[in-house]
Amino acid sequence: MDGVMRQAYPVDPKSAVGKLARPAQFVDVLVVGAGPAGIAAALAAAGEGRSVMLVDEHPVSAAMAGLDVPYLFGGRATPALGNQARMIEQVAGAMPGLEDAFEAGIEVALNVSVWGMWVAGPGLQVLPCAVAGLATEDRSWLCGFGRAVIATGARDLVLSFAGSDQPGVVGAQGLHALLTRYDAFAGRVVSILGSGRLALETALLALDKGLTVAALIEVRDAPQGPADLVAEVAARGVAIRCGAVPLMAETTVDGVVALRIIPVAGGAVERIACDTVCLALGLVPQIELLDTLGAAVTLDRDRGGYVPVCDATGQTSIEAISVAGDCAGVAEPGGLDYRMAWMRALLDTGGNDALACTCEEVTRGDVFALHQPRYLGPESEAMAARDLAGLLADGPPDHDQMKRLTRVSMGPCQGRRCREQVAMLLAIGARNDIGIVNRAGFRAPVRPLSLAALAAPDDAAGRDGWDVWFGIVAQWVPYDEIGTPREADYIAGDMHL
Amino acid sequence: MSQTRENGAAVVIIGAGVTGLSAAWWLARDGVDVLVLDKGVIGYEASSRNGGGATHYQSPLFHEEQRLWPLMDELLGYPTEHRPERIVIAMNEAQMARYQRMQGILAGLGYRADLLDPQQVRDAVPLAGDQHIGGVHIRTGGQANPQRTVQAYAWAAQDHGARIMQHTPVLGIEMAHGRAVGVRTRDGMIGCDQLIVAAGPQSGTLLRGIGIDLPVAPARAEMIVTEALPLMPYGGVDGNGLYGRQTLRGNLAYGGGWHEWMDELPLHGALPRPSTPVLQHIALRIAQMLPKAAHTRMIRSWAGIIENTPDGRPVLDRPANPGNVTVATMSSVGFGLSPATGRALRDLVIDGRCSFADIDKLSLRRFDGLDPDWRRIQGWVTPATHQASVPA
């Protein structure tokens, strides 16, 4: 009612309201990923007169590559990766279209990763604007943006077999990056798993780069890719071994020296000498940032797994965010069934002893038996009697729950090397479709960064109104003192710890 | 008690969080027919998204908390990763004054806690550096793994015959003849003789439906996790405005700082609980407190949604009306106390009163006459709600 002053309500001084300042850096349009899709999006935005920043994490540091972030580099990069300055020059020169971006006045930031993105939403109203967390290896900062295009591409699908955690087992994306953009591949003789388009194109690239391709290995009875590519690979003298899967990688201190394959239907093991085994069974859209944003994703069996929900223009469920390129989905008809065929065959032939999670050393058997992690020592009788099947009697398989109980997918690679495999194992354990497995989401930082790098500047804004918990003074008054004259002293004495 | 296992249970518990599951376990070990219902997976919300600390001197359940934790692995039959003792590191005089005060309160309660000089802190905490000014070594308390513990309660309760239904949100409480007779779910009615409402932030909504006013406000808070480091002699190391621990696996897991108040939550469906750039400030404080871990990589974060009552204290009460409904909220401090809370709830349901501690001051009556606008008066509202109430 006019003329009636409403009471001015207080703001909780210990809440996040007003604590997150507007970032010093702001761009109209932030594009994450400088592949062809990202560059096109950046050029389009620049053409509309917007201020644009184009960020790409490549070249990643040697440490990041060692954790197989973002691709399965498999320990097959040359020491050249350690020379960051040279690598930036190398990668900048090898990224088609980057020159156009520079010329269009776009701010290009290479070797910069985006470890989180946020927009205002139901659980997050305190942001001053849409924000992205950016970082180099030793420093992080926030960048505000008006709108963002996520063009983060796809990462490698990793399935394991004995020895696959050793140096020399790489992914198709990792191999591609090392052979092209990085020009820093340390192997010479490659065996390739798969015979679909991805595997065939990987074989041709390897041959073009002067490598020897020892063989392609295909779980199904016939090559899977387009006939012309199959013919081209054959014409260049590369055999496709159908109906077989790896049994184990033979390794020395330098990593892989040979791959032993076994026919799925049974039969003699064959030894293929090679220093590299390349997993080319499929690609996985990189939706990490969509998860930190809370954007809707959906399982698409023909496009590489979980993909953002978006329209034809790439508009996601969040107004300020669109997607472009492979992170929106990789055309792979029947891809999920194909992966599952591989998984089942690797399980049938290789058994439960292969690692499902390299970081935490959790085997496939540990997942099925719901073993507690080894640091806890021998299991109690009751614990030993629990297994995955029993857990599934209480509800559908849940990847987050498995992480908590077995430590699978909990290591420093942030589950990139095992997520898809673990989800498949849970589906197999549940004797059900992969679609019923509750997905483990990604949370910031979606790149493993040091505390020192991630730390905010130590300033008054960070100290003011900080409390270890909610800062509710009455909460910590000892029970016996509640309602006594001494209670006021406790409350006046600032009880927060 | 009249319910059959086919159409309900003697005691139905809404909420398979740490409080509800502990109550289920205590009841089931006494042979009571218990059924726990949860909207999602057990312990999925705040119960598994916390620091795991177990040193709650402010609580009437503190002595029982201290007595029970060292016994829990054996009592439950499953590991909780409980480790005793806690060291709190002060980086400045203001922090030291607070931690000293905690030491005094603990001493008054009969528990040993020693002041540490900077060198003693370094000796006990290998990751500490040179910047702290001292600390307190609490010889009781400790911490456990919340995620493993919630599962341990659930399995132990099942081992005693309790039933747990996940993905079964309760949509309302059914009353007849002045008593709660069951709960409504998407699959129909589930009958009960006694009901425990331990549904976290959603408890307020459920209880309002039967005329019980439980004032609670939900908020989001967050924590971060690093990769594993070699184990320090004590896992329970925190301070510098942080709570948390080094886990038995070796990861550093810490939280603290700014929370965000939220509107009332839906009874089912996914909850919006992003972790945010606040994680940069938590990272800073860990790096200050444990400088030798500054180059350790942070690999995860999480946020949880927690409810608080207006005074931040629990409500553990079985109000006279309707008489067969027991209300349980721990007001954002529930995990560590859970072994004792479950026992107190068992006592309230079976005996009508807690047998081992006076908990009268945790009754709902203290909120009689509370201003319905209490959230705004306390500033515990979303920015949007606050904005809407700013005078023109």
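**Reading features in a two-chain model**

Biologist: Which residues of chain B does UniProt give as "domain: FAD dependent oxidoreductase"?

Modeller: UniProt, in an unreviewed entry, places that feature at residues 11–348 of chain B. UniProt positions follow the numbering used here, feature names are shortened, and annotations may be inferred rather than shown by experiment. This is a predicted model, where local features need pLDDT of at least 70, side-chain atom pairs count only at pLDDT 80 or more, and totals for chains, interfaces and linings use all residues. Residues are numbered from 1 along each chain as its sequence is written, and chains are lettered from A and ligands numbered from 1 in the order in which they are written.

Biologist: What is the helix and strand content over residues 11–348 of chain B?

Modeller: Helices (H or I, at least four residues) and strands (E, at least two) are DSSP runs, numbered from the N terminus. Here the stretch is 26% helix and 30% strand, with its end C-alpha atoms 12 Å apart.

Biologist: And the "transmembrane region" in chain B: where does UniProt place it?

Modeller: The unreviewed entry puts it at residues 7–28 of chain B. That segment is 50% helix and 32% strand, and 18 Å lie between its end C-alpha atoms.

Biologist: Why does A:Ala222 count as exposed?

Modeller: Count other C-beta atoms, placed from the backbone, within 10 Å of the residue's own: 20 or more is buried, 12 or fewer exposed, in between partly exposed. A:Ala222 has 10 C-beta neighbours inside 10 Å, so it counts as exposed. A:Ala222 sits in the loop between β10 (212–218) and α7 (227–235) of chain A.

Biologist: How many residues of helix α8 of chain B are buried?

Modeller: In α8 (residues 279–289), 11 of 11 residues are buried, including B:His281 and B:Arg285.
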